[in-house]
Amino acid sequence: MTEMFNAGKIVNTHGVKGEVKVQRITDFDDRFAIGNRLMLEKEHGQIEELVIDGHRIHKGFDLIHFKGYDNINDVEQWKGYYLKITEDQLTELDEGEFYYHEIIGCSVYLTNGDKLGIIKEILAPGANDVWVVQREKGKDVLIPYIADVVKEVDVSAQKVVIEPMEGLLD
């Protein structure tokens, strides 16, 4: 079986005609284009292939409709499930670009060599991504993915080096 990667999480239904409300876990706007296929990962690792036949954005969420699922009762049980893509659906990236799955789990170090923590989540609030770093002790740290802060990313070594701006770690 081929490796699969998260593209979104179904957080709720929307309306009564089979639309689902999806929290996006991808930077690629075309991932939810009409005609694309996504894999729904159900309980016990069961996989169902779905074809998108409707997509729109509403209040910061993607509302998606799948071919053949025209009733809320068809999709109600999908709440909490992940929509995934297969490895062959991955897109080539430019230099300095990374997939979320490559960054999540990386250890974060300061330029002086001290370990800050591990990246546990990526937020995409606007102009740049924000990496959520879980410290061993203390609150999570939000690291903006900008050149002034992130100095080195080595996904093969699962290592990120940052130079924090003043106040970033407070």
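Predicted model: local features only at pLDDT ≥ 70, side-chain atom pairs only at ≥ 80, totals over all residues.
Two residues are in contact when heavy atoms of theirs lie within 4.5 Å.

Six strands form an open sheet in the order S10-S9-S8-S7-S12-S11, and their pairing is mixed. Strand S10 (141-144) and strand S11 (150-154) are the edges; each has a single partner strand, so one side of each has no neighbour in the sheet. From one strand to the next, the twist averages 35 degrees.

At one end of that order, S11 and S12 pair in the antiparallel sense over four bridges. Val-153 has Val-160 in S12 as its bridge partner.

Leu-168 lies in the segment after strand S12 (159-162). With its neighbours within four places in sequence left aside, Leu-168 is in contact with Val-141, Leu-142, Ile-143, Pro-144 and Val-149. Residues 141-144 make up strand S10, one of the edge strands. Leu-168 and Val-141 are 27 residues apart in sequence, while their C-alpha atoms are 7.8 Å apart in space. Leu-168 has a relative accessibility of 17%, and therefore it too counts as buried.

Terms used
Residues numbered from 1 in each chain as written. Heavy atoms only, no water. Helix = DSSP H or I, 4+ residues; strand = E, 2+ residues; numbered from the N terminus. Buried < 20%, exposed > 50% of the residue type's maximum accessible area, 1.4 Å probe, protein only. Pairing = 2+ DSSP bridges. Axes fitted to C-alpha atoms, helices over the stretch in contact; angles between N-to-C directions.
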